[in-house]
Amino acid sequence: MNPQYDQLYQALTKVVGYIYPNEIELNWSILIVLYPYITGLVAGAFILASLERVFNVNALKPTYVIALLTSFAFLLVATMPLIFHLGQPFRAWEIMITPHLTSAMAIFGFVYIWYLMVVLVLEIWFDYRRDLVIWSNESKGVKKWLYKILTLGVYDISPEAVKWDEKLGYIVTVIGIPSAFLLHGYVGFIFGSIKANPWWSTVMMPIIFLFSAMVSGIALVMVIYIVINYIRKQKIDMLCLDTIAKYLFYIIIIDFTMESLDQIHRFYEAGESFEIISLLMSGKLFFTLLIMQIFIGMLIPLLALGFLQFYKPNEKLRRMIYLVTGILVLIGIFFMRWNVVIGGQLFSKSFLGFTSFKLSLIGTEGFLMASIWLVVPFLILAALLWLFPPWKKSPSEH
Amino acid sequence: MAGTLAVSAVLPSFNAVLFAATKPKKGPWYGIAIDIEKCIGCGSCAKTCKIENDVPPEPFFFRSWVEQYTIKKDGSINVVSPNGGIDGFTQKIPDNEIEKTFFVPKMCNHCSKSPCVQVCPVGATFESPEGVVLVDEKYCIGCRYCIQACPYGCRYMHPTKKVVDKCTLCYHRLKKGLNPACMDNCPTKARISGDLNDPDSEISEFIRKKNVYVLKPHLNTGSKLYYNALNQEVR
């Protein structure tokens, strides 16, 4: 039997209550879970970088470039799960060529290109231009030529030229902050604007997505910073790490408040979808929502980081707590995306029943494929760090 | 604030009625009417639809289906649609427990303010000048956003074409002056379709004379599928 039908026949046996017959198939699967997850990491990491650059949080200096490169590495992969998910991936370019302007999704291509080309690439280029010129003189072979090409023929590294790089880079970052907000707030809007689905349709969705993006991006950079220093056997700048953790703590509080507000509002208002959503949360989503997202991904990190705001144990223990907390937060936000995307499709729009979802191991929508899209950005990041090592950069003014 | 300003700038004052009336002034504008009191749950409509439109036979893909609602004496509701009702229904609840039971045929509502048309990122799903919501299968990218946006569960991903498929109101037949296949094959004439712009059409008369209701009216989709005797429990 066709494996797709096989899966659907199995799902059919697990239907609870009544669902519309076309609802047995879950239309947005793990790849669409990854899409907001990855774009969230992009936006969050970028916002952390901006904190240093625009808001002059000097303690964050050691992570500025790492945050930018992380953001860039994940952005390069952000569209891949989307394209692979399409029934007709070769028609993906139609979104850019003939966008349907009433569609929230149609704007993604433009937001993405804007963010990639205008914000990230430009900012990284301005930040690295002087180093590219220096490295192109010092390196040999392919690397030399690569650096040379990347300078785009601008070899002037006089103090005045470097000052211009600084100035223009600053302007790009200032433009970048609303762009990062736009990128992820907009991803939230894709879900939040679907009035057919009460689990998605909330005006809070873009805001929740935005803050959860910041939470995940900051946690990611924190983890990467710890791991990089561990691999390079370098001493971690604890002031930097404490500062990241402090921001992470504050933003988790905001995120937690927003998400709680959304749920409290939903429950207090108790509209027609109230019963089915209560059943969804206490049943199908019990593990992924209450245990993974809220308990593991939010409450434990909140307690751990909160504790560290008042009591500072030795550096080694603190590093360990930050590493574990960061990983827990990343897992929690992954499940947050899961609960939005998958959770929103588990109940019927008839509000009378549930379908089921089982993640398969193989196939384009399988666990392995999804893992690849999560691993690739780290490989890209490793390559970027090798090619543009932040620790070999000449010191910048900002 | 900005939204309020934008809306008030676009809409002429005291013309909120515009929201409800989006009928074009010229040409036919198709709608559907279903008389629940006449439906016997034979499933002919769903079966005919699959044959006429090459809808995959598996029980996960439907352009048209029938639901059986049973409201029990204890107030609980039981809804079933085995294989979309194609094979008919067998009432499994004992008679003495049943308060009332009825069939609700479902299909695309061909909304005039279709959420599916709104969200399609490439404009592959569109409303024809006659008010029929269609999908251009040579253009659809298969993102399935429209499936998510349809409140009535009327769309599905075609398993082999890999594009979204849905009821076309048998557009190929309409263009030849024929009725949709499901309408012609309904033995009790429980479903009719026709021109809402023509005050003398059967459907216009049906809507005028019966107490008709659309599904999920609060979603303001501009549904053009009108039901007679629709129970409030139906969603």
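The radius of gyration used here is taken over C-alpha atoms, and the globule rule it is held against is 2.2 Å times the number of residues to the power 0.38. Before you click anything, note that this is a predicted model: local features need pLDDT of at least 70, side-chain atom pairs count only at pLDDT 80 or more, and totals for chains, interfaces and linings use all residues. Residues are numbered from 1 along each chain as its sequence is written, while chains are lettered from A and ligands numbered from 1 in the order in which they are written.

**Stop 1: chain B as a whole**

Select chain B. A compact globule of 235 residues would have a radius of gyration near 18 Å, and chain B agrees with that at 19 Å. Its C-alpha atoms fill a box of roughly 60 × 40 × 40 Å along the principal axes. Switch to cartoon and you get 7 helices and 11 strands; helices (H or I, at least four residues) and strands (E, at least two) are DSSP runs, numbered from the N terminus. Buried residues make up 43% of chain B, where buried means that 20 or more other C-beta atoms, placed from the backbone, lie within 10 Å of the residue's own.

**Stop 2: a sheet in chain B**

Now pick out β9, β1, β11 and β10 of chain B, which make an open sheet in that order, with mixed pairing. Two strands pair if DSSP finds at least two bridges between them. Which strands sit at the edges? They are β9 (191–195) and β10, each pairing on one side only.

Walk across from β9(B). It pairs with β1(B) in the antiparallel sense over 5 bridges; show B:Ile34 and its bridge partner in β9(B), B:Arg191. Next, β1(B) (residues 30–35) runs parallel to β11(B) (residues 225–228), with 4 bridges joining them. Finally, 2 bridges link β11(B) to β10(B) (residues 212–213), and these two run antiparallel. Stop at B:Asn228: this residue of β11(B) is the bridge partner of B:Asp35 and also of B:Val212.

Two residues are in contact if their C-beta atoms, placed from the backbone, lie within 7 Å.

**Stop 3: over to chain A**

Chain A has 14 helices and 2 strands. Its radius of gyration is 22 Å, close to the 21 Å from the globule rule for 398 residues, so chain A is as compact as a globular protein of that length. Of those residues, 45% count as buried.

Zoom in on A:Ile218. Not counting residues up to four places away in sequence, A:Ile218 touches A:Gly44, A:Leu48, A:Ile244, A:Tyr247, A:Leu248 and A:Ile251.

**Last stop: where the chains meet**

Show both chains and select the residues that touch across the boundary: 36 of chain A are in contact with 37 of chain B. On the chain A side, α1 (3–13) and α4 (94–97) each supply at least two residues, and the largest share, 4 residues, comes from α1(A).

How values were computed
Buried ≥ 20, exposed ≤ 12 C-beta atoms within 10 Å, placed from the backbone.
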